[in-house]
Amino acid sequence: MSVSRPVRTGLAVALLASAAVACGDAGGLRGAGSTPTATSPARLWPQLTPASSPAWNIDEADTEVVKDITVPGDDLRKVDPVAIVRAEIAAHPKDYRGPTAIYRDTTARMAACTSKPAAGKATDRTADLDADADTTAAGTCPVLQPYYRDLTGDGRVDLTLGFRLLPGDAPDLTAVRVYTVDKHRLLRVMAWEDAVSAVELAGRSVIIRSPSDLADYEYRLQWTWDPEQKAMLLTHDEMLRTRHGQPPGRPSPTTTATAGPSSTADPSPSPSPSVTP
């Protein structure tokens, strides 16, 4: 039996009324208050001639083939991370060799490193490379624990490597490097040095947190793989307020959630007994 239009209308009104009563029992709808008026960006100094070149060079898209290092089967887990650091020292003797070299202590302490192949099975967890994993006592290997994760999206793991730069002009200076395999060669696709609080891997990005001169603030730099440039580019550079009472360098739940999806990282055995996983 069909229901006439007036009857259907009456039923609909009754249902809406009962729904309104139910909503009223649950507290009903409440206004969120006034919203700020949207304003468009105001362009300043439109007569100013746009700059044609950068004022500072931060080595964006600066890649380098690592000489004298082979990658067996294009598997970075089979490459000795200590040998990679030694290759960088050999390629940049001005920075590392000689009594006046800025990082001469790094070279001296490489003798304490035990060469081990970076082997291991990937584990499903976010990598948090804490600078506290290394100590700077005399004779301690400066190479930190290597981590493995596919940052380039080619289905193969890439290598994130860190090592201490000693003595340097600033205390607690750490080098962060990312390597991939290109045409069967070891290719460095990111290089950064800073006073590092923590390093994280998220998605296709490397996130570096560094202390600030301002209390309760830290710098957060995010380097992300760019398939066109075939390099890690600096995509975010910001200063963030740290959570009150939280140790420096530890990400808050908010920043961790926005950094990217959980990563699959593979920490290898430490290249030296002095390096703590």
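Reader: Where does tyrosine 217 sit?
Author: Tyrosine 217 is in strand S9, residues 217-226. Strands here are DSSP runs of E with at least two residues, helices are runs of H or I with at least four, and both are numbered from the N terminus. Before we go on: this is a predicted model, where local features need pLDDT of at least 70, side-chain atom pairs count only at pLDDT 80 or more, and totals for chains, interfaces and linings use all residues. Residues are numbered from 1 along each chain as its sequence is written, and side-chain values use heavy atoms, with hydrogens and water left out.

Reader: OK. Is tyrosine 217 buried, exposed or partly exposed?
Author: Tyrosine 217 counts as partly exposed because its relative accessible area is 31%. Buried means under 20%, exposed over 50%, and partly exposed in between, with a 1.4 Å probe and protein chains only.

Reader: And which residues make the nonpolar surface patch?
Author: Leu214, Tyr217, Tyr219 and Met239 make a patch of about 350 Å². Patch residues have over 30% relative accessible area and no salt bridge; nonpolar side chains (Val, Leu, Ile, Met, Phe, Trp, Tyr) are joined within 5 Å, like charges within 9 Å. Areas come from the Shrake-Rupley method with a 1.4 Å probe, and for residues only the protein chains shown count as cover.

Reader: Switching to rings: how many aromatic pairs are there?
Author: The structure holds two. Rings of Phe, Tyr and Trp (its six-membered ring) pair if their centres lie within 6.5 Å; planes under 30 degrees apart are stacked, over 60 edge-to-face, and the rest tilted. Tyrosine 96 and tyrosine 103 have ring centres 5.7 Å apart and planes at 45°, so that pair is tilted. Tyrosine 96 and tyrosine 103 are buried.

Reader: Why is the pair of tryptophan 192 and tryptophan 223 called tilted?
Author: Because the ring planes of tryptophan 192 and tryptophan 223 are at 55°, with centres 5.2 Å apart. This pair links distant parts of the chain: tryptophan 192 is in strand S6 (residues 185-195) and tryptophan 223 in strand S9, 31 residues apart. Both tryptophan 192 and tryptophan 223 are buried.

Reader: Now charges. How many salt bridges?
Author: The count is 10, taking a side-chain nitrogen of Lys or Arg within 4 Å of a carboxyl oxygen of Asp or Glu.

Reader: What does aspartate 74 form a salt bridge with?
Author: With arginine 156, the closest N and O atoms being 3.3 Å apart. Aspartate 74 is in the loop between strand S1 (64-70) and helix H2 (81-91), and arginine 156 in the loop between strand S3 (147-149) and strand S4 (158-164), so the pair ties together parts 82 residues apart in sequence. Aspartate 74 is buried at 16% relative accessibility, while arginine 156 is partly exposed at 32%.

Reader: What about arginine 209 and glutamate 200: how far is N to O?
Author: That salt bridge is 2.7 Å, N to O. Arginine 209 also forms one with glutamate 218, where the closest N and O atoms are 2.8 Å apart. Arginine 209 is buried at 0% relative accessible area, glutamate 200 is buried at 7%, and glutamate 218 is buried at 7%.

Reader: Last one: how many helices and strands in the chain?
Author: Five helices and 11 strands. Of the 277 residues, 39% count as buried.
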